[in-house]
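Have the sequence and the 3D view open side by side as you read.

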Amino acid sequence: MNRLYPILIALASMQCVNAKEVLSSPDGNTVVTFDLNATQQPVYSMTYKGEVIVAPSTMGFELKDAAPLTTGFTVDKVDRSSSNTTWTPVWGENDRISDNYNSMTVDMTQHIDGESRKMNIVFRAYNDGIGFRYVFPEQASLKHFTIKDEKTDMAMGGDYTAWWIPGDYDTQEYEYIKSRLSEIRAHSEDNHMGNVSQSIFSPTGVQTSLMLKSDSGTYINIHEAALVDYPAMHLNLDEATLTFTSWLTPDRNGDKGVINTPFSTPWRVIMVSDKATEILASNIIYNLNEPCALDDTSWIKPVKYMGVWWEMITGKSSWAYCNAENFDLATFDYSKANPNGHHGANNENVRRYIDFAADNGMDQLLIEGWNIGWEDWLGKEKDFVFDFVTPYPDFDIAALNDYAHSKGIKLMMHHETSGSIPNYERHLDKAYDLMNKYGYNSVKSGYVGNILPKGETHYSQSSVNHYLNAVKKAADKHIMVNAHEAVRPTGLARTYPNLIGNESAMGTEYRNMSPGHVTILPFTRLKGGPMDFTPGIFRMDIGSFVPGSKEHKRATVANQLALYVTMYSPLQMAADLPEHYAEKMDAFQFIKDVPVDWSESRYIDAEPGEFIIAARKDKNSGNWFVGGVTNEQSRTFDLKLDFLTPGKQYKATIYADAPDADCVTNPEAYVITSRTVTSSDILPVMMASGGGFAISIMELQTATIAIIHT
């Protein structure tokens, strides 16, 4: 296949030798060509600095019960424009974002069966990639249609190295696989860990955001932006030509999108750079989303929080109040139930967490398992499994909220739906109103299990619509949303910045993940928006506090601290137990100090699957924070501090792996040192296997000497 592939590329390129339309990025490095081929089907291609990234690839749609929107098009007109603006995010990695691109809109008409059908394609070329979308104007001949398949192809320019997870309609909770594109099928059964809801559709299917690297060293990333009223896109590979085709998530009828015109699809995005750090820094996904839709955003604040959560995840305590099962929530009498004795969300335990969180500067405390129904939820596919408003007998919601507020923090609400979207929608108004009543302003929602109605999946059009509607309704109530098991984000937090977090990937709850996982996520899942990864684990031997557990987290303490910098989120959890932090308060100081909102971010060095080193400046001061993480390989690095302001002195506190630290054999060994630094200094740092480092760099105030003349 490798010998044949260059010939296929050359033959395909002949279709567009005389491309009628060429669009270049502002710096001229990224180039998109567009033409109609011999059957009048739209064809595009992409190059970067002369290297073929996407060979000529066809576009269009197969429709249900209607002629396809693929061939027979004519170009009516082409409009071009340019934009060079900046905008200010409510929260983010930087306090200003540049949006600089050249644009081309191709208006087309298809004449078929005596009708004229309009379909336009909008291209934008940025210095760091391209985006394109289909736009259907309002028209008599195409008012309503159902998509059978989106036929957007992406013919890869080579047998790239890929970091990928299997194509799945229900979950992204996988370890990433590194392979050549041509090897995807051979690795299709790797890392297929069990999940309560799982729908893999093809041995050559992968999910976006997909990270790639060419043999010449060019980094490529494929994703989508502005996923609204449309199913999530996956990619399915044709191994013979190394061509990806967009693969939409079907609904329970097998349809892949029900469209009413006028309509614009999500953007298909291809990021590109010859530097891995520029992929990490790219804002193209956010730039392709609409500006903020909210008139007032003053109530949206980044959050650092703790939670009654890790003790449940590890098995130390339970979500459920008793051991009943197979009951009707509407008639079950909890006042007569026998407590199981290990319910985590009880008044005494919650007060203990409130005390520690408040004493150590946290903003909020998440409490899971506070509400009735947890005895009979997982995998049951029940419709009425939770009501989201009724607390367990040992959880005094009014008293605990008053206690938290008296300590200067808020409680964070938890809404687990068990995948029953209709039930959640019936209860959503009352659930949000309860939050308003007690002063909650953040909710962690969950969608564990198969989606109801039966036959729907987590990433189908109706589910995608539900997630966004929940965010919109939350905005009306001044509530921030952190959605778990929802569709992976596509930059919609620009438009609705109360969407302050998502899970949508394998996070800390998977205790045995490989150390390299955290060096891939910022290149993949985090490209669409921040992740509630829940870092900050200090006790790696789970069996030391959960009798009988043989689980061991493969990370060092310094690695866990670094994640607060390398994995950006305006919502950051200190995930471990208070008693574990109390044992290492010197290391916990970094978690107390590190901000969750930034004015400037620098990705200093990185390689997907290997390591990431990042530096960020606090939005509210001149302080900087640096983090570095590595995979199983130990590393040394000379950190240049040239991002600091020249002429200023800073106190650098370095949280590092001890010389004998190791993520398996000695994960909790760390050393903390301090020194005065300036922008001309270089700090040598060492990262152990599965380790890392974290540095707080605080401005030193220069004393002013007053000279008095007499």
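A quick word on the ground rules. You're looking at a predicted model, in which local features need pLDDT of at least 70, side-chain atom pairs count only at pLDDT 80 or more, and totals for chains, interfaces and linings use all residues. Residues are numbered from 1 along each chain as its sequence is written, and side-chain values use heavy atoms, with hydrogens and water left out.

## Pockets and cavities

Both kinds of space are found on a 1 Å grid over the protein atoms alone: a cavity is a set of points where a 1.4 Å probe fits but cannot get out, while a pocket is an open set with protein on both sides within 12 Å along at least five of seven lines. Lining residues have an atom within 4 Å of a point. Points are joined across faces, edges and corners, and the volume is the space filled by probe spheres set on them. In the table, nonpolar means Ala, Val, Leu, Ile, Met, Phe, Trp, Tyr, Cys and Pro, charged means Asp, Glu, Lys and Arg, and polar means the others, Gly among them.

| Space | Volume | Lining by class |
|---|---|---|
| Largest pocket | about 680 Å³ | 14 nonpolar, 15 polar, ten charged |
| Second largest pocket | about 430 Å³ | 20 nonpolar, seven polar, three charged |
| Largest cavity | about 220 Å³ | 16 nonpolar, three polar, one charged |
| Second largest cavity | about 60 Å³ | six nonpolar, four polar, two charged |

Which residues sit nearest the centre of the largest pocket? They are Glu-173, Trp-377, Val-448, Glu-485 and Glu-509, out of 39 lining residues. Two elements give two or more residues to this lining, strands E24 and E25 (442-446), and E25 has the largest share with three. Helices (H or I, at least four residues) and strands (E, at least two) are DSSP runs, numbered from the N terminus.

The second largest pocket has 30 lining residues, and Trp-91, Glu-93, Ile-97, Asn-283 and Tyr-286 are the closest to its centre. Helix H3 (residues 284-287) gives the largest share of that lining, three residues.

In the largest, 20 residues form the lining, with Tyr-467, Leu-468, Val-487, Leu-499 and Asn-502 closest to the centre. Helices H7 (421-438) and H8 (461-476) and strands E26 (480-484) and E27 (499-502) each give two or more residues to it, and H8 has the largest share, five residues. As for the second largest cavity, the residues lining it include Met-513, Phe-533, Lys-553, Arg-554 and Gly-690.

## A strand covered on both faces

In a regular strand, side chains alternate between the two faces of the sheet. Strand E23 (residues 364-367) has both faces covered: Gln-364 and Leu-366 on one side, and Leu-365 and Ile-367 on the other, are all buried (under 20% relative accessible area with a 1.4 Å probe, protein chains only).

What pairs with E23? Strands pair if DSSP finds at least two bridges between them. E22 (residues 303-308) runs parallel to E23 and is joined to it by four bridges, with Met-306 opposite Leu-365. E24 (residues 410-416) also pairs with E23 in the parallel sense, over three bridges, and there Lys-410 is the bridge partner of Gln-364.

E23, helix H6 (residues 397-406) and E24 make a right-handed β-α-β unit: with the strands pointing away from the viewer, the path from the first strand over the helix to the second runs clockwise.

Key: Buried means under 20% relative accessible area, exposed over 50%, partly exposed in between (1.4 Å probe, protein chains only).
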